[in-house]
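Visitor: Could you walk me through what holds this fold together? I'd like to start with the charged pairs and then look inside.

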Amino acid sequence: MDDCTHDCASCQAACSSRTSETDSEAAPLLMKGAGVKRVFAVMGGKGGAGRSVTACALAAELQRKGCAAGVLDADITGPSAAAYLGIRELSEDTGKFYRTVRSPGGVQVMASNVVLQEDRMPIAWRGALSAQTAVMFWTEVLWQDLDILFVDFPAGLDDVPIVAFQTLPFAAAVLVSRPTRLSLLSAEKCAEMATASDVPIAALVINGAAQEELTEEGKSAAEALSRRFSVEDTVYVPRLREIYDACEKGNVEELSLEVYADLADKLAARFLAESK
């Protein structure tokens, strides 16, 4: 790059200078998670609740605001993060560790479909193997100087969240739900698992309805969940065509919605200030 300043710490470009670390230099960053300040679980019991778009949108907002953000897609059999963020290249396997891939805006990502040569290849693995792979994305991937890493969990409470909570140093969890009583009940089960692992609930994100559009049952369930787990921020993401289109076209980081921006600001103010 002709305009390179050789100051990699202040640059997001994925150039050859940035990726020239030797294996020995990178090794101390592995296993210990030394390259990541804060880790967040993004979870919700029901499929289609919007975990992936929430994780990607928050990471993109933080990246825009000058924080280094990443997404670890722990949904091994159905990854979405790389596609939502417009990533098409594969991760580099050095033989000792993997390198993250970067979105056009600089968000670091690791997912099963960036380590496979053919993205149409089905991954038919039992839960234990999926859990081991999700943890490998933490222990054998070089995350570079991240302020916040969002771990995008699969739906349900199977081996992946169980093993992840035992392995990764989560600072907090973000619950994601649809505006229905059943979806909120599933999110509550996730909250129970997180708090049993001493992981606080930082926020509740309800996708698909503005607050005034919720049924009385939905409002009651959301308020009860927030009170029970002392959730500081409950946000309502309206049903918008532009969110659907951004996911389909792979440009979620181009979304500019106040609800995501506000929540990203609050998470950074509460959790990154503690890491300084």
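**Bridges and core**

Guide: Happy to. In this predicted model, the side chains of D265 and K65 meet in a salt bridge, at 3.1 Å from N to O.

Visitor: How many residues apart in sequence are the parts that D265 and K65 tie together?

Guide: D265 sits in helix α9, while K65 is in the loop between α2 (51-64) and β2 (69-73). So the parts that this pair ties together are apart in sequence by 200 residues.

Visitor: Is D233, which meets K266 in a salt bridge, buried or exposed?

Guide: The D233 and K266 side chains come to 3.5 Å, N to O. K266 is partly exposed, at 39% relative accessible area. Buried means under 20%, and D233 has 8%, so D233 is buried.

Visitor: What kind of aromatic pair do F153 and F170 form?

Guide: Both F153 and F170 are buried. Their ring centres are 5.9 Å apart, with 85 degrees between the planes. An angle over 60 counts as edge-to-face, so the pair is edge-to-face.

How values were computed
Residues numbered from 1 in each chain as written. Predicted model: local features only at pLDDT ≥ 70, side-chain atom pairs only at ≥ 80, totals over all residues. Heavy atoms only, no water. Phe/Tyr/Trp six-rings, centres within 6.5 Å; stacked < 30°, edge-to-face > 60°. Buried < 20%, exposed > 50% of the residue type's maximum accessible area, 1.4 Å probe, protein only. Salt bridge = Lys/Arg side-chain N within 4 Å of Asp/Glu carboxyl O. Helix = DSSP H or I, 4+ residues; strand = E, 2+ residues; numbered from the N terminus.
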